[in-house]
Number of protein chains: 2
Amino acid sequence: MKSGQTAEKAPVFGDAFIHGLTDLFRWRRDVRRFKPDPVPSPLIEKLLGLAALAPSVGNSQPWRFVSVEMLSAREAVIANFNVCNAAALASYEGERAALYASLKLSGLREAPVHLAVFCDHATEAGFGLGQTTMPEALDYSVVAAIHTFWLCARAENLGVGWVSILDPRQVCRTLDVPAQWKLIAYLCVGFPLEEHLDPELVRHEWQVHLAETKRLHRR
Amino acid sequence: MKSGQTAEKAPVFGDAFIHGLTDLFRWRRDVRRFKPDPVPSPLIEKLLGLAALAPSVGNSQPWRFVSVEMLSAREAVIANFNVCNAAALASYEGERAALYASLKLSGLREAPVHLAVFCDHATEAGFGLGQTTMPEALDYSVVAAIHTFWLCARAENLGVGWVSILDPRQVCRTLDVPAQWKLIAYLCVGFPLEEHLDPELVRHEWQVHLAETKRLHRR
């Protein structure tokens, strides 16, 4: 029972670290404007190693990352986005539609790295623990891995943008992944052109930060 | 358009911070064994403020946290867990069943703070941006907030345990939340009795850490 134990002492996180962590959360952005500079492969592999430290239901580790490198696959994903984004734009009217049309909602064309992130619904890892009444916890585990990747990337000055304006089944077909893999996110990754403290959707007046009163309730 | 800009300079995260961040990911645990010590309310409020810096689709910020304080509500959640956990145990056989029965899967009885975390599907914030083709991105935003809370909590030496062995509709009824709130997670929060580098489910031989080869694929 003690085989996994090590002599390493638990760290104590001091004020300086907590200050830095707060800055990391404050300055993490959904990046859509990238420099063309390539991202070293070992850096991506390091970040994926850290992502695998994310919590997962039953320790199922259901995250599967696909690096989309073929030009034909990238063009198919961009076409997928363009169709879905045009349909989304058509659902808005008046000023909201004009504002939507003015937003830059993905950096698919510019990002040097594309990562499609899936949840493997066929995995036997975790032996189903914790999934009986809330099976969606498997998908949520992948979100935790994505968020871990995102935070580590930002700490390494690398930007990440999450694109959800895609037909997920079409992405699965384009990338020819196993039938039981569910697309959770499509990520654009690269060095950002700009740094901002405020989210793009706040800066461009799409949605303000909500008041704290909405957040905590008591029972 | 520049109203949200500030003069604050973007931080540069150095090697010491990245080392600390890596330790945070390595030492974050799903905690089920808590000290009885109370958690100061201002600390919980600080952590919820940081959680609200999480990414959300369309900046919708759909996370709603309910602090479960009434004894009757806590007892109902514990009864809910006990029924679901017994049903889950009955689905295993032989050695797996014996191993499952030996696991401590929640700290509901001991944890001084219970937080039920919901996604508000009725929110108009975000104006639906990014949700047309992948509506589940709204739920995923709440997971990112939970993970943010979890990481900040660990940095403050506070333990968090995510309980998914619950009937979510029954939790909604117990807590009498609005009809369009969906339960994403039920969290136990408190100061941990023990610190471990290895996950409980690895230490107790339920599920090992998967090899890296499962993780990254190329197309």
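## Cavities, cysteines, sheet and loops

A: By class, the lining of the largest cavity has 7 nonpolar, 2 polar and 11 charged residues, and please keep in mind throughout that this is a predicted model.

Q: How much space lies in the largest cavity, and which residues lie nearest its centre?

A: The largest cavity holds about 180 Å³ of space. Its lining is made up of 20 residues, and those nearest the centre are B:Arg29, B:Asp30, B:Val31, B:Glu194 and B:His196.

Q: Which elements of chain B each supply at least two residues of that lining?

A: In chain B, α5 (137–155), β3 (159–163) and α7 (200–203) each supply at least two residues of the lining.

Q: And how many cavities of 30 Å³ or more does the structure hold?

A: There are 6 cavities of 30 Å³ or more in the structure.

Q: Switching to cysteines, what does the disulfide count come to?

A: Over all chains the count comes to 0 disulfides. A:Cys172, for instance, is in no disulfide, and the nearest cysteine sulfur, which belongs to A:Cys119, is 11 Å away. For B:Cys172, which is in no disulfide either, the nearest cysteine sulfur is that of B:Cys119, 11 Å away.

Q: Is A:Cys172 buried or exposed?

A: A:Cys172 counts as buried because its relative accessibility is 17%, under the 20% cut-off. B:Cys172 likewise counts as buried, at 17% relative accessibility.

Q: OK, the sheet next: in what order do the 5 strands of the open sheet come?

A: The order is β5(A)-β1(B)-β2(B)-β4(B)-β3(B), with mixed pairing. At the edges stand β5 (216–218) of chain A and β3 of chain B, each with a single partner strand, so one side of each has no neighbour in the sheet. From one strand to the next, the twist averages 30 degrees.

Q: How many bridges join β1 to β2 in chain B?

A: Strand β1 (residues 63–67) of chain B is joined to β2 (residues 113–120) of chain B by 5 bridges, and the two run antiparallel. Within that pair, B:Val66 stands opposite B:Ala116 in β2(B).

Q: Last topic, backbone angles: what is phi of A:Asp176, and where is its place?

A: Phi of A:Asp176 is near 50 degrees, a positive value in a residue other than glycine. Most residues other than glycine have a negative phi. A:Asp176 sits in the loop between α6 (168–175) and β4 (181–190) of chain A, and it counts as exposed because its relative accessibility is 60%.

Q: What about B:Asn157, what is its phi?

A: B:Asn157 also has a positive phi, near 65 degrees. B:Asn157 lies in the loop between α5 and β3 of chain B, and it is partly exposed, with a relative accessible area of 33%.

Terms used:
Residues numbered from 1 in each chain as written. Chains lettered and ligands numbered in written order. Predicted model: local features only at pLDDT ≥ 70, side-chain atom pairs only at ≥ 80, totals over all residues. Heavy atoms only, no water. 1 Å grid on protein atoms, 1.4 Å probe; cavity = no way out; pocket = protein on both sides within 12 Å on 5 of 7 lines; lining within 4 Å. Points joined across faces, edges and corners; volume = space filled by probe spheres on them. Helix = DSSP H or I, 4+ residues; strand = E, 2+ residues; numbered from the N terminus. Nonpolar A, V, L, I, M, F, W, Y, C, P; charged D, E, K, R; others polar. Disulfide = S-S within 2.5 Å. Buried < 20%, exposed > 50% of the residue type's maximum accessible area, 1.4 Å probe, protein only. Pairing = 2+ DSSP bridges. Axes fitted to C-alpha atoms, helices over the stretch in contact; angles between N-to-C directions.
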